[in-house]
Structure formats: C-alpha cells, structure tokens
Amino acid sequence: MARGCDSAGAEALAKSGVTVTSLKQMDRSQLLNLGVTTAVADILLSEKRPPIQPAIVSQLLFKSKMICCVCRESNKSVIIHHLNGWAKTRKHDEKDLVVICLQHHDEAHSQKALSQNLTPAVLRDLKQKWEQRVVEQDAQAIVGISNASYAHWDYFNHNRLLKIASAMHIAPSSLEGFYECRAAGVVTNDGLMVELDESGVTNKDKYYLYEGEYLLIRYHYMTSLIEEIIKRSIIVDITNHWKKEELVTLAPEGALIFCQGAFNFKRLSKGPKGPQQLRRGYRRAEGIDLQFVFDAWECTSSSSKSDRLSGRTVANIFGLVQTVEDKSKGLSIHISCLATGTGFTNVREPRLGRYQSFGYADASFAEMSPDLEDFETD
Ligand SMILES: [Zn+2]
Ligand SMILES: [Zn+2]
C-alpha cells in the first residue's frame with residue numbers, strides 16, 4: 001500500500017501469495033496482467049531491484065570461496081555480477097550470477113566491442129572451472145588437516161564407506177595396505193572388514209573391532225580408503241558456516257559434509273564388548289543441532305573409544321546429511337556418520353579476505369543484503 005496500491009488491490013495481491021519482492025522482479029505486462037494499475041507498475045519498475053535471495057548469495061560465495069573466477073586472486077574485493085544484466089532478466093538465478101573482482105567487473109561492463117573478452121559465455125565457463133577447482137582444493141584441504149601429526153581417525157563406518165568406494169569405482173586392491181590386510185585375513189577380496197576371531201578371542205569378547213595384532217594395517221588401509229573417497233567427493237565444509245540461513249542452503253539432504261567443532265558423545269546401549277555399542281554424537285550451538293548415532297564397536301583404537309569419542313571433544317565429523325528440519329526451536333540436522341577424527345589441524349578461523357566489507361563475517365544475511373546491493377552494479 002505504501003507504493004500507492006489501494007487496499008482492496010493490496011489484499012487481493014497478498015492473498016494470491018505475491019510479495020513486493022516478486023512484484024519487483026516482474027516486467028510491465030506481467031504486472032498489468034496481475035491487475036496492478038499502470039501508475040503502480042511505474043513505481044514498482046522504477047524502484048531499486050530486490051536483493052538477491054540470501055540462499056543464492058550464500059551458494060555463490062561458498063562455491064567461489066569469495067574469489068574472482070577470472071583472476072583467482074584472493075585479496076581482492078568481489079561483487080556479484082549478472083551475466084545478462086539485471087535490466088534484461090529481472091531475475092536473480094544462480095546460473096546467471098558470477099562472483100568477480102571490481103577490476104574484472106569493469107571489464108565485463110566495458111563497451112569495447114572488439115576487445116570485450118569477458119563475454120557472458122566466457123564468464124560462465126570461467127565460473128564453472130573455478131568452482132570445480134574449489135571443490136578439488138576443499139578435498140585436498142580436508143585430507144591435509146587429517147594428516148596433522150596428532151590427527152587420528154577414531155571411527156569408520158566400514159560398510160558404508162566400502163559401498164561408497166564401490167559406487168565411485170575405487171578398487172580396494174588399489175589402496176595402500178590392502179594386500180597386508182588380505183594376507184592377514186582381516187579384509188575380504190571385496191575390501192570388506194572381517195570381524196576376525198584372533199588367537200582364541202571371539203568378537204563378542206573384544207572391546208572394539210580393531211583390537212588385536214592387526215590394528216595398524218586395518219587403520220592404514222581404511223585411512224587410504226577414506227582419503228580416496230574425500231578426493232573424489234564434493235564435500236561441504238560447514239565448520240565456518242554454522243548459521244541456520246547458510247546450512248539450509250549448503251547442507252541439504254544428501255550432501256556430504258565435514259564439520260569441526262565441540263561434540264558431545266553419549267552411550268545409548270550398555271555393554272563394553274562386541275558389536276552394537278551404540279552412541280550418539282551431537283553438537284548444539286546457536287540454535288543448530290547436528291547429530292548422529294554410531295557403533296563404537298567400529299572405533300579404531302581403545303583411546304578413541306574410551307577418551308576421544310566420549311564426553312565432550314573437539315571432533316571432525318565426515319557424514320551424509322539424512323534429514324534437515326527447520327523447527328521453531330532451531331535447525332535439526334541428522335547425518336549418517338561416515339567417519340570421525342580428532343587432533344586435526346584447526347580450521348575454525350575467522351573469515352579472511354575482503355568479503356568482510358560486505359558484513360558477511362559478523363552480520364546475519366538479513367542485515368547483509370542491503371550492503372550487498374551497494375556493491376552490485378548489475
Ligand atoms: Zn578478477
Ligand atoms: Zn555487473
């Protein structure tokens with residue numbers, strides 16, 4: 001109504017589910033078809049365009065690491081550019097938006113017809129290549145921090161990981177430690193972990209799967225397996241994106257995620273021996289609850305079982321998102337845990353780089369959107 005629409009018209013529009021934001025994205029004929037008067041259409045069309053949806057902004061920034069896809073220089077301020085110009089499309093589709101630095105943004109808008117190298121097609125291609133590179137770097141980074149001197153994988157979901165490896169066509173025989181494990185009889189030809197009775201000790205008398213003399217070769221084999229999976233996966237490291245608005249977009253159902261943070265572990269079943277020693281791992285902070293249930297039987301050492309994955313610990317969780325529920329009391333994420341580790345290099349750092357100029361590091365998306373508009377030209 002503030003825009004000059006009469007109350008009956010405003011009510012009718014509101015009932016049809018149309019918002020001011022979506023009205024602003026329409027062209028003149030769409031507005032007139034909805035029954036908006038010519039005068040109101042003029043006002044809407046002359047107003048500043050609506051901000052890009054926070055979900056789309058967060059995806060673009062995450063996938064680009066807030067780095068220009070043309071020069072890939074991390075210390076430059078970046079903006080979100082419309083490949084085909086806002087005036088033409090009046091839409092903010094992720095595929096039509098690209099993160100670039102100010103210098104390359106100027107070039108993208110330059111009118112030098114012959115030397116206009118940054119055409120929408122070229123930019124789209126550079127964006128796609130840079131996003132692919134970011135995925136590869138993320139995988140290398142996770143493998144890197146898991147190789148720190150005190151790093152240790154404490155738990156593997158063996159069957160799940162083997163299934164994923166098989167789907168990725170990773171041959172168990174190509175992995176380090178496979179032949180030693182075969183020789184010892186602790187894995188099958190298909191690479192599955194065997195619950196072996198060693199020197200008269202049966203599984204139900206063992207405290208954890210790796211107990212016994214083959215602990216190290218089992219661990220070596222599984223470490224090489226998980227590193228291979230990580231290298232071939234698109235993993236969203238949510239450690240520095242622990243905000244409801246961001247997680248809804250970055251960690252949907254089916255996404256592979258990595259998270260470093262303070263987790264709590266709680267026993268769900270009694271008995272210190274044999275399979276089915278169920279435990280819950282959870283992290284609750286800032287209205288977000290991330291949780292999973294795992295079998296502590298599959299721990300890789302006795303200290304993993306008794307210390308590292310009990311009580312409250314800074315843990316590194318690698319898992320598959322199963323459900324995401326946006327409840328009134330907060331966001332609840334259930335994952336199928338594939339592996340956990342401790343002692344990894346700390347990745348919980350304040351965000352670096354110029355993107356802080358957008359208020360990204362310390363403001364919510366709602367606060368940030370108006371700032372963003374100042375930086376976008378179109
Ligand atoms: Zn650039
Ligand atoms: Zn632009």
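This is a predicted model: local features need pLDDT of at least 70, side-chain atom pairs count only at pLDDT 80 or more; totals for chains, interfaces and linings use all residues.
Residues are numbered from 1 along each chain as its sequence is written, while chains are lettered from A and ligands numbered from 1 in the order in which they are written.

Let me begin with the overall picture. The protein has 14 helices and 9 strands, where helices (H or I, at least four residues) and strands (E, at least two) are DSSP runs numbered from the N terminus. Of its 378 residues, 31% count as buried, and buried here says that 20 or more other C-beta atoms, placed from the backbone, lie within 10 Å of the residue's own.

Now to helix 7, residues 102–109, where H104, H105 and A108 are buried. These residues lie on the same side of helix 7, because they cover an arc of only 105 degrees around the axis, the arc being that of the directions from the helix axis to the C-beta atoms. What covers them includes strand 1 (78–82), strand 2 (97–101) and helix 8.

Helix 8, residues 120–145, also packs with helix 11, residues 215–231, at an angle of about 155 degrees and with the axes 8 Å apart; axes are lines fitted to C-alpha atoms, for helices over the stretch in contact, and angles run from 0 to 180 degrees between N-to-C directions. That angle makes the two helices roughly antiparallel, a term kept for angles over 145 degrees. The contact is made by A139, I142 and V143 of helix 8 together with E227, I230 and K231 of helix 11, and two residues are in contact if their C-beta atoms, placed from the backbone, lie within 7 Å.

Which residues have the most contacts inside the largest nonpolar core? In this core of 54 residues they are L161, Y221, L225, I226, A251 and I257, and a nonpolar core is a set of buried Ala, Val, Leu, Ile, Met, Phe, Trp, Tyr and Cys residues joined through C-beta atoms within 7 Å. Helix 11 gives the most to this core, with 7 residues. Leaving aside neighbours within four places in sequence, Y221 is in contact with L175, E176, G177, F178, C181 and V187. A second, separate core of 18 residues includes V98, I100, A108 and W130, and A108 is also one of the buried residues of helix 7.

Methods
A residue is buried if 20 or more other C-beta atoms lie within 10 Å of its own, exposed if 12 or fewer, and partly exposed in between; C-beta atoms are placed from the backbone. Angles under 35 degrees count as roughly parallel, over 145 as roughly antiparallel, 65 to 115 as roughly perpendicular and the rest as oblique.
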